[in-house]
Structure formats: structure tokens, C-alpha cells
Amino acid sequence: MTEEQLKKVAQTESISPNPAPEPEPEPAVPKEEVAEEKSVIPQPSSSPSDESKALVIVEKTSEVAQEKPIEGSVNRDAVLARVATEKRLSLIKAWEESEKSKSENKSHKKLSVISAWENSMKAAAEAELRKIEEQLEKKKAEYGEKLKNKIATIHREAEEKRAFIEAQKGEDFLKAEETAAKYRATGTAPTKLFGCF
């Protein structure tokens, strides 16, 4: 740049305190490479802090442009290799997560089947227990009724035996009174006084 151009640049910068920097045109790159390079290459800051630095960047732009194709292809290969590695690693991680998710779902499904089986078996066992309890209650009621009947029968037989004993006692008393009256009437003494001697 000539001195006149430098003065014009200095004057335009001194007139506008916050000039809007001109965006640098991006090189035409296919869409696939743009998507991959966006996440890897950072955007350069476009706000120059003072004039001398802006001039230095302008002066070195031609040198950078000349060196860029050499470094760019090597750098681009490195970036592409890094992107490919990251892509492969992300695919591996996604596959791993997918497999873990499948395994989790599979185990959850099996656990659900086991829980359902356990619940059905518990329900069947509880139903069987209730059935046995009902049968036992019926048997208990039947045995209770039988025992009540047996107790009633025993009581009735005991009453009959008591009545028989009482009747026999009454007969023995009558017989003893008749015999005593006979002995009194005849004036004879009984041959057996006491049956226990």
C-alpha cells in the first residue's frame, strides 16, 4: 500500500469510531466439508483493536494466502482425519449406547415376565390356600357338629344311666322296705345283717 492509501484508511477509521468490519468472503467449499469443518475450525475475531494491527494483517494477508495452500492441504487432511476419527468414535459410542439400551430393554422385558409369572403363581397359591382354608372350615364345622352330637349323645346316655341308677335305687329301697316289713310282720331277723362283712 502506498502512503496515500494508508492516510485514507487512517482518516476513515478516525471519522467512524466503531467501523463495521467487512466480512471476509468464505471460500467455496462443498456442503459435506462445510458441515464437518464448522465444528472443528473456530471463527477468527474480526474486530481489530488498533490501526497498526489492522495494517499488519493486511500486509501479511498475501503471505498467508501464499502459505495457506501448503499448510491448508496438510491442515485439511489432519482436520479431515480428526473429523473421521471423531465420526467413527461417535458411531461407536452411538452403537454402544444402542446396545446398552437394547440390553436394558431386553432385561426389563424379562424382569417384567418374571414379575408377571411370580404374581400369577402367588395368586394361584393364595387361591389354593383359600380353598384349603374353606375346606378346613367346612371340616371343622362338620367335626364340630359331630362332636356336639357326640357330646349330646354321651350326655343323654349318662342321663339315662343316672335315671336307671336312680330307678334301681328306688326299687332297692322299696325291696328293702318290703323285706323289712315282712321281717317285722313275721318277727324273724334277717340272716344277713351287713352285706359288706
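This is a predicted model: local features need pLDDT of at least 70, side-chain atom pairs count only at pLDDT 80 or more; totals for chains, interfaces and linings use all residues.

Modeller: Over residues 122-153 the chain is 100% helix and 0% strand. Helices here are DSSP runs of H or I with at least four residues, strands are runs of E with at least two, and both are numbered from the N terminus.

Residues are numbered from 1 along each chain as its sequence is written, and side-chain values use heavy atoms, without hydrogens or water.

Now the salt bridges. One is a side-chain nitrogen of Lys or Arg within 4 Å of a carboxyl oxygen of Asp or Glu. The count comes to 5. K122 pairs with E118 at 3.5 Å, N to O. Both lie in helix α3, 4 residues apart, about one turn. K122 is partly exposed at 46% relative accessible area, and E118 is partly exposed at 35%. Partly exposed sits between buried (under 20%) and exposed (over 50%), with a 1.4 Å probe and protein chains only.

E159 and R162 form another bridge, at 2.8 Å. They are 3 residues apart in helix α3, so about one helical turn separates them. E159 is partly exposed at 37%; R162 is too, at 48%. K102 and E99 meet at 3.7 Å. They also lie in helix α3, 3 residues apart. K102 is exposed at 51%, whereas E99 is partly exposed at 32%.

Next, a nonpolar patch. L111, I114, W117 and M121 make about 450 Å² of surface. Patch residues have over 30% relative accessible area and no salt bridge; like charges are joined within 9 Å, nonpolar side chains (Val, Leu, Ile, Met, Phe, Trp, Tyr) within 5 Å. W117 lies in helix α3, residues 51-186, and is exposed at 53%.

Last, the whole chain. It has 3 helices and 0 strands, in the order α-α-α. Buried residues make up 3% of its 197 residues. The chain exposes about 18500 Å², with 59% from carbon and sulfur atoms. Accessible areas come from the Shrake-Rupley method with a 1.4 Å probe; for residues, only the protein chains shown count as cover.
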